[in-house]
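Work through the exercises below with the sequence and the 3D structure open. Try each task before reading its solution.

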Amino acid sequence: MQRRRISLPLNPLRSFAVASRHKTFTAAARELGVSQVAISRQISILEDYLNVSLFERGVRSAKLTEAGRAFGLEIAALFDDLERATQRMISHETEGTVNLRVHPTVAHHWLMPKLMDFRHRHTDIRIRFDTTVEPLDFRGTHLDVALQLGKGDWRDTRSRKLWDEEVDVVCSQSYLDSIGGLHAPEEVSKGELLHSRYRRRAWEFWANAVEVDLDVNSGTDFETSLLTYSAAQQGFGLAIGQLGLLDDVIAAGRLVRPLEMRIPTGAAFYVIWPTTASVSLKTRRFIDWLLDQVGQPREFFKSGAPGRD
């Protein structure tokens, strides 16, 4: 007769395995990137499931019971084996893949129009996009490289500047005509301001830079710059455009710059990679290709070397 399998509480088991190794909830929470309360809750779920006390909880501390110590030694090794097997599978599946962190707007307006050139040069390499919008930290991820806006001060990384960020007011020609044109920064107040959630202070920065009074809280909000720029192209109003990203759109006439004022923000777009692991051949090729796109010297290969020109 086949034995009936039980449904294992994997999250509580994992939390307990880490907590038993560290012997504190605080250290386990730090490793797993959750709160100490979350670790305690997961272990309580496991104790209820097993009907066994695994930790003795004090006012400010928790100590493994004898049963908890024995159980921890047994399952910690199993989770280590599972993690190693998973890592081997990931390494195999991503052998020819570069895992790239890039914001959706940068991917859409700058990278995607150029990427076919990389595919033609490196037919054996795929680019996998991670468009998560959060502070960059390579620890605990499978990221190989990132293309981000910042000041070049990411932790445990090396980086190369691609181009400095400059901004200007952009809109569609039809919208510009509808408000009678813009001839000076002060006239921006007669237009509808378009805002991006992740660049919510862009209009405030612009107003301070050109020294005009502007109600920066008025206008229409969008979740991303990608939506904001799309709205500007469709005649919804005025946006603060990132010129390096929008060069092709502006050259095609889908957006115009009525004031023609290039304002540096002090930030720049960088290619970034971690120093905590060796840089694979595929990642080095991609980094050098990005540098080629902006006319910067290569980081890894001279022209005609394994970059496959």
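A residue is called buried when its relative accessible area is under 20%, exposed when it is over 50%, and partly exposed in between. The model used here is predicted.

**Exercise 1. Sorting residues of helix 3**

Task: Decide whether Gln 36 is buried, exposed or partly exposed, and do likewise for Ile 39.

Solution. 
Step 1. Locate the two residues: Gln 36 lies in helix 3, and Ile 39 is also in helix 3.
Step 2. Gln 36 has a relative accessible area of 43%. This value falls between the cut-offs of 20% and 50%, so Gln 36 is partly exposed.
Step 3. Ile 39 has a relative accessible area of 1%. That is under 20%, so Ile 39 is buried.

**Exercise 2. Separation in sequence and in space**

Task: For the pairs Gln 36 and Ala 267, Ile 39 and Val 18, Asp 117 and Trp 289, and Glu 83 and Val 52, find the separation along the chain and the C-alpha distance.

Solution. 
Step 1. Gln 36 and Ala 267 are 231 residues apart in sequence, and their C-alpha atoms are 36 Å apart.
Step 2. Between Ile 39 and Val 18 there are 21 residues of separation along the chain and 9.5 Å between C-alpha atoms.
Step 3. Asp 117 belongs to helix 5 and is partly exposed at 30% relative accessibility. Asp 117 is 172 residues from Trp 289 in sequence, with a C-alpha distance of 9.3 Å.
Step 4. Glu 83 is in helix 4, residues 66–93, and is partly exposed at 48%. Val 52 sits in the loop between helix 3 (36–50) and strand 1 (55–57). The two residues are 31 apart along the chain, and 26 Å separates their C-alpha atoms.

**Exercise 3. A nonpolar patch**

Solution. 
Step 1. Check Val 52 itself: its relative accessible area is 31%, so Val 52 is partly exposed. A patch residue needs over 30%, so Val 52 passes this cut-off.

**Exercise 4. Salt bridges**

Task: How many salt bridges does the structure hold, and what is the N to O distance in the one between Asp 156 and Arg 155?

Solution. 
Step 1. Side chains of opposite charge can pair when their charged atoms come close.
Step 2. The structure holds 20 salt bridges.
Step 3. In the pair Asp 156 and Arg 155, the N to O distance is 3.5 Å. This is within the 4 Å limit for a salt bridge. Asp 156 is partly exposed at 35%, while Arg 155 is exposed at 60%.
Step 4. Lys 190 and Glu 187 form another salt bridge, with their closest N and O atoms 3.6 Å apart. Lys 190 is partly exposed at 41%, and Glu 187 is partly exposed at 25%.
Step 5. Asp 292 and Arg 298 meet at 2.8 Å, N to O. Asp 292 has a relative accessible area of 34% and is partly exposed.
Step 6. Salt bridges can also form a network: Arg 101, Asp 130 and Glu 134 are linked in this way.

**Exercise 5. Positive phi angles**

Task: Where in the structure are Lys 23 and Glu 260, and what phi does each have?

Solution. 
Step 1. Most residues other than glycine have a negative phi.
Step 2. Lys 23 is in the loop between helix 1 (10–22) and helix 2 (25–32). Its phi is positive, about 70°, although it is not a glycine.
Step 3. Glu 260 is in the loop between helix 9 (243–251) and strand 10. Glu 260 is not a glycine either, yet has a positive phi of about 50°. With a relative accessible area of 55%, Glu 260 is exposed.

**Exercise 6. The largest pocket**

Task: What is the volume of the largest pocket, and how many residues line it?

Solution. 
Step 1. The volume of the largest pocket is about 680 Å³.
Step 2. Its lining has 31 residues, and Leu 149, Glu 165, Tyr 198, Arg 199 and Gln 242 lie nearest its centre.
Step 3. Elements that give two or more residues to this lining include helix 5 (104–121), strand 6 (157–170) and strand 10 (263–274).
Step 4. Sorted by type, the lining residues are 16 nonpolar, nine polar and six charged.

Conventions
Residues are numbered from 1 along each chain as its sequence is written. This is a predicted model: local features need pLDDT of at least 70, side-chain atom pairs count only at pLDDT 80 or more; totals for chains, interfaces and linings use all residues. Side-chain values use heavy atoms; hydrogens and water are left out. On a 1 Å grid over the protein atoms alone, a cavity is a set of points where a 1.4 Å probe fits but cannot get out, and a pocket is an open set with protein on both sides within 12 Å along at least five of seven lines; lining residues have an atom within 4 Å of a point. Grid points are joined across faces, edges and corners, and a volume is the space filled by probe spheres set on the points. Helices (H or I, at least four residues) and strands (E, at least two) are DSSP runs, numbered from the N terminus. Ala, Val, Leu, Ile, Met, Phe, Trp, Tyr, Cys and Pro count as nonpolar, Asp, Glu, Lys and Arg as charged, and the others, Gly among them, as polar. A salt bridge is a side-chain nitrogen of Lys or Arg within 4 Å of a carboxyl oxygen of Asp or Glu. Buried means under 20% relative accessible area, exposed over 50%, partly exposed in between (1.4 Å probe, protein chains only).
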